[in-house]
Amino acid sequence: MLLLICIIFADTKVVKMVETLLVSMLIIAIAFALLSVKLIFRRNGKFSSQHIHDSKAMRERGIHCVMDQDREARRAGRAY
C-alpha cells in the first residue's frame, strides 16, 4: 500500500514538473515572438543601433561613449 502511494505521489510530481516546464517554454516562445515582431514586419528587418555615438541627439549635445571620453581625457592629461 505504501509503495502504491509513493508511486502515485512520484507520478503527480513528474506530471506537475512537466506541466511547469511546458508552461515556461510557452511563455519564453511568446516572448521571443513578441520581440521579433519588429524584425519580421519591418522592411530592413533589423534593430536600430543603441550605441551613443550613433545617436544624432547625443552627438548634438556633445555626449560621447565612455570609452571615447576616457581616451580624450587621457590625451588631455585629465584622466584621474
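**Notebook: salt bridges, helices and a nonpolar patch**

I started at Arg71, which is partly exposed, with a relative accessibility of 41%. My cut-offs: buried is under 20% relative accessible area, exposed is over 50%, and partly exposed is in between (1.4 Å probe, protein chains only).

Before going on, I noted that this is a predicted model, where local features need pLDDT of at least 70, side-chain atom pairs count only at pLDDT 80 or more, and totals for chains, interfaces and linings use all residues. Residues are numbered from 1 along each chain as its sequence is written, and side-chain values use heavy atoms, with hydrogens and water left out.

**Salt bridges**

Which residue does Arg71 meet in a salt bridge? I found Asp68, at 2.8 Å from N to O. For the term, I need a side-chain nitrogen of Lys or Arg within 4 Å of a carboxyl oxygen of Asp or Glu. Asp68 is partly exposed too, at 26% relative accessibility.

I counted two salt bridges in the structure. Another pairing joins the side chains of Arg74 and Asp70, at 3.0 Å from N to O. Both of these residues lie in α4 as well, four residues apart, about one turn of the helix. Arg74 is exposed at 58% relative accessibility, whereas Asp70 is partly exposed at 34%.

**The whole chain**

Next I zoomed out. I see four helices and zero strands, and the pattern along the sequence reads α-α-α-α. Helices (H or I, at least four residues) and strands (E, at least two) are DSSP runs, numbered from the N terminus.

How many of the 80 residues count as buried? I noted 2%. The chain exposes about 7700 Å², and carbon and sulfur atoms supply 67% of that. Accessible areas come from the Shrake-Rupley method with a 1.4 Å probe; for residues, only the protein chains shown count as cover.

**Nonpolar patch**

Last, I looked up a nonpolar surface patch of about 720 Å², made by Leu26, Ile30, Leu34, Val37, Leu39, Ile40 and Phe41. The elements giving two or more residues to it are α1 (2-35) and α2 (37-41). With four residues, α2 gives the most. Patches take residues with over 30% relative accessible area and no salt bridge, joining like charges within 9 Å and nonpolar side chains (Val, Leu, Ile, Met, Phe, Trp, Tyr) within 5 Å.

I checked Leu34 by itself: this residue lies in helix α1 and is exposed, with a relative accessible area of 61%.
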